[in-house]
Every structure is written in C-alpha cells, then in structure tokens.
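Please look over the protein shown here before reading on. The notes that follow take up a few of its features by topic.

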Amino acid sequence: MQFTRRVGAYGLVRDSGRVLVVRDGAEGEFPGVWRLPGGGVDHAEHPEHAVVREVAEQAGLTVAVTRLLAVIADVVTFPEDAVALHTDRLLFELDMPHGAVPEGALRGTGGGLVDQARWLSSAEVAELPLTPFTAEALGLPVTPLPPGTHRLPHPAVPPHPDRRLRFGAYGLVTDRAERILLTQIAEGYPGAGLWHLPGGGTDHGEQPATGLLRELVEEGG
C-alpha cells in the first residue's frame, strides 16, 4: 500500500443568503457530486493563492480571502490502486471585492474537472449529493457517498526527487501573564538553536488539531 498525501484549499463564499457550490465533472475527484470550490495546492504555492486561483478557474469569480475557517484531514483507501490518500483540507472564508456576480456569469471548466458552478440556498444545497467535507463545512448531515464515487484526483506517481510535501500544525500558546510559549530546535536538526512556535509535522491519517496537541505534549509537556 502506497501512503500518499495531498493539500487542498477550498472557499466558502456567500451572496444574498446563497452559497457558491460546484459540481465535479467526469475527470474530477468526485464525479457528479457537489462541493465547495477549490482544489489541490501546487508545490510552493501559498494556500490562499491556491483557493483564489481555483475559484477563478472553476466559477470565473474574483475573490479575496477573509480568514481561515477550518483545517481538517481525511483518508480514503483505493484498493484497486493500492493507495491510501491523506488529504489536508484548508477552508477559507472568501469575499467578492467587486460585488455580486449574476448567475449567468458563473462557469465551470467544461466536462472535465468541474462542469457546473451555481449559487444555491441552504435548502437547495441540502438536496444535492455533497462531499462529506462540504456537508460538514455547511453544517449539513454527512451522508456517505456510494462506492466508486470518490476517485484519485490524479494518477499516483513517484514523488519528484527534489520536492517534499510536509504538512505542519503549530500553536500560539499563551499563559495568564500573556507570555508566549516557544520551543528551541535541538542539535542535529535543521535550524538547530533557533526558536519557533510549538508544533511540527502531522502524521499520515492524523487530524491537524490532534497532531498539534501531540506536539505540545512532546515538546512542552
């Protein structure tokens, strides 16, 4: 079994009580299923830049990041490919600096990755097949998708020899005296002697919040 990881950035953008959702096309990660707009973060790409790019590509909208709403992880096993895919998903609240966009101005990317983009009310969204991540983000019941609905977002290939993917969770910890907790990198590790916020890399299959709590215990007791 190959254990692989991926980071995705997604956006929650609302207009007049409606939320923007997109439907994956035949080549998407969830063919025929609706979700919040977004997708994979490219190597060395800032997650905020990634979600702005993805919304522009999938819906034709110009958006700006307001704040980070949530960071969660999920793991899906694809037995036929012998791959266990761990995806860290960052959810951002987005704003439209240029105002609302008419329904007719929305666009998908055709029959490939995304084939529809729509503004829908909460009641309308609740009637659609949704990815678990999207349902959870919108406060709707999470319904398991039929087998075979979720596909690998891209063929599993050996990692680039000069590139590494590492997802870390760090905490800003203060006490009643408003002091900030810092940890010092030990000898023998990159950056030895430097100080940083407590935290570190998350393990395959580990939620970011759980990874942070584990690191706090390991590094600071």
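Is E178 buried or exposed? E178 counts as exposed, at 70% relative accessibility, where buried means under 20% relative accessible area, exposed over 50% and partly exposed in between, found with a 1.4 Å probe on protein chains only. This is a predicted model, in which local features need pLDDT of at least 70 and side-chain atom pairs count only at pLDDT 80 or more, while totals for chains, interfaces and linings use all residues. Residues are numbered from 1 along each chain as its sequence is written, and side-chain values use heavy atoms, with hydrogens and water left out.

**Loop residues**
- E178 sits in the loop between β9 (168–170) and β10 (183–184), where helices (H or I, at least four residues) and strands (E, at least two) are DSSP runs numbered from the N terminus.
- The phi of E178 is near 65 degrees, which is a positive value in a residue other than glycine.
- A44, found in the loop between β5 (38–40) and α1 (47–59), has a phi near 70 degrees, also positive in a residue other than glycine.
- A44 is exposed, with a relative accessible area of 79%.

**Helix α4**
- Helix α4 (residues 208–220) has 13 residues and reaches 18 Å from its first C-alpha to its last, close to the 18 Å expected at 1.5 Å a residue, the expected span being 1.5 Å times one less than the number of residues.
- In α4, the residues P208, G211, L212 and E215 are buried.
- These residues lie on the same side of α4, because they cover an arc of only 100 degrees around the axis, as given by the directions from the helix axis to the C-beta atoms.
- On the other side of α4, A209, L213 and V217 are exposed.
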